[in-house]
Amino acid sequence: RARARRLLRGRAAPVAVPVGQKAVFYEEKTGTEEGTVDTGAVVWSVVQDSPGADQPAEAAIRGEINIPDKGVTLTLTIKRNGDKTLPASHIIELAFTIPEGFQGGSVDGVQRVTFKDTEQAPGNPLVGVPANFGDGFFLIALTDEKSAVENNLALMSRQSWIDIPLTYKSGRRALISIEK
């Protein structure tokens, strides 16, 4: 966990040791569709990625999430923000790949990222602003206000699960829970 805190602050030398964990994909019940629960996996690693503003690459945390029964993949990257024009301490990038003919159409919205102790626990959202860049690509800019940065870093380093609530183009909602 100390290594994760140093990485989030951009001060650790990267050592890429992939770690596999559990992922769970929940789709809500609608008037015409049953709710579903599908399991998958997430592989965590340390990668080199630019913090922005044409700065050189530095250590970032990446999760490659795969939900095989749905054909859904998500690449989640958490990195320090190096773009001084953007008032954010860190950036979370979410890039979804959805198969042709996906029932929901596409992932149309990500409201927040929440961290929690266990898979079933209620979570605590990070303080940040989500943005949709289309084609299943989203950014969440984590607020750079001092107390928000401290809270966000504490949640990211101490909590064991991540929840990402989604909305499909069809309006149906889903949730990806990821073990970290």
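The following legends describe close-up views of a predicted model. In this predicted model, local features need pLDDT of at least 70 and side-chain atom pairs count only at pLDDT 80 or more, whereas totals for chains, interfaces and linings use all residues. Residues are numbered from 1 along each chain as its sequence is written, and side-chain values use heavy atoms, with hydrogens and water left out.

**View 1**
Strand β11 covers residues 161-168; helices (H or I, at least four residues) and strands (E, at least two) are DSSP runs, numbered from the N terminus. Eight of the eight residues of β11 are buried, so the strand is largely enclosed by the rest of the structure. Buried denotes under 20% relative accessible area, exposed over 50%, and partly exposed in between (1.4 Å probe, protein chains only). Trp-161, Asp-163, Pro-165 and Thr-167 point one way from the strand, while Ile-162, Ile-164, Leu-166 and Tyr-168 point the other way.

**View 2**
Strand β12 (residues 173-179) pairs with β11 in the antiparallel sense over seven bridges; two strands pair if DSSP finds at least two bridges between them. Ile-164 stands opposite Ile-176 in β12, and Leu-166 has Ala-174 as its bridge partner in β12. The two strands form a hairpin with four residues between them. Within the turn, Gly-171 has a positive phi of about 100°.

**View 1. Strands β6 and β7 beside β11.**
Strand β6 (residues 107-110) pairs with β11 in the antiparallel sense over three bridges. Thr-167 in β11 is the bridge partner of Gly-109. Strand β7 (residues 114-116) also pairs with β11 in the antiparallel sense, over three bridges. Here Lys-116 stands opposite Trp-161 in β11.

**View 2. Leu-94 and Ile-164 in the nonpolar core.**
In soluble globular proteins, nonpolar side chains tend to be buried together. The largest nonpolar core of this model has 34 residues, and those with the most contacts inside it are Leu-94 and Ile-164. Such a core is a set of buried Ala, Val, Leu, Ile, Met, Phe, Trp, Tyr and Cys residues joined through side-chain atoms within 4.5 Å. Contact means heavy atoms within 4.5 Å.

**View 3. Gly-136 in its loop.**
Gly-136 is found in the loop between β9 (128-132) and β10 (137-143). With a relative accessible area of 10%, Gly-136 is buried. Leaving aside neighbours within four places in sequence, Gly-136 is in contact with Leu-94, Ala-95, Phe-96 and Val-107. Gly-136 and Asp-108 are 28 residues apart in sequence, and their C-alpha atoms are 6.9 Å apart in space.

**View 4. Helix α2.**
Helix α2 (residues 146-158) has 13 residues. From first C-alpha to last, α2 reaches 18 Å, close to the 18 Å expected at 1.5 Å a residue; the expected span is 1.5 Å times one less than the number of residues. Buried residues of α2 are Ala-148, Val-149, Asn-152, Leu-153, Leu-155, Met-156 and Ser-157.

**View 5. Arg-173 and Glu-28.**
A search of the whole structure finds twelve salt bridges, a salt bridge being a side-chain nitrogen of Lys or Arg within 4 Å of a carboxyl oxygen of Asp or Glu. One is formed by Arg-173 and Glu-28, with the closest N and O atoms 2.9 Å apart. Arg-173 lies in strand β12 and Glu-28 in the loop between β1 (19-27) and β2 (36-49), so the pair ties together parts that are 145 residues apart in sequence. Glu-28 counts as partly exposed, at 25% relative accessibility.

The side chains of Asp-49 and Lys-79 meet in a salt bridge (3.4 Å, N to O). This pair links Asp-49 in strand β2 with Lys-79 in strand β4 (residues 72-80), 30 residues apart. Both Asp-49 and Lys-79 are buried. Arg-80 forms a salt bridge with Glu-58, the closest N and O atoms lying 2.8 Å apart. That pair joins Arg-80 in β4 to Glu-58 in strand β3 (residues 58-67), 22 residues apart. Arg-80 is partly exposed, at 23% relative accessible area, whereas Glu-58 counts as buried at 18%.
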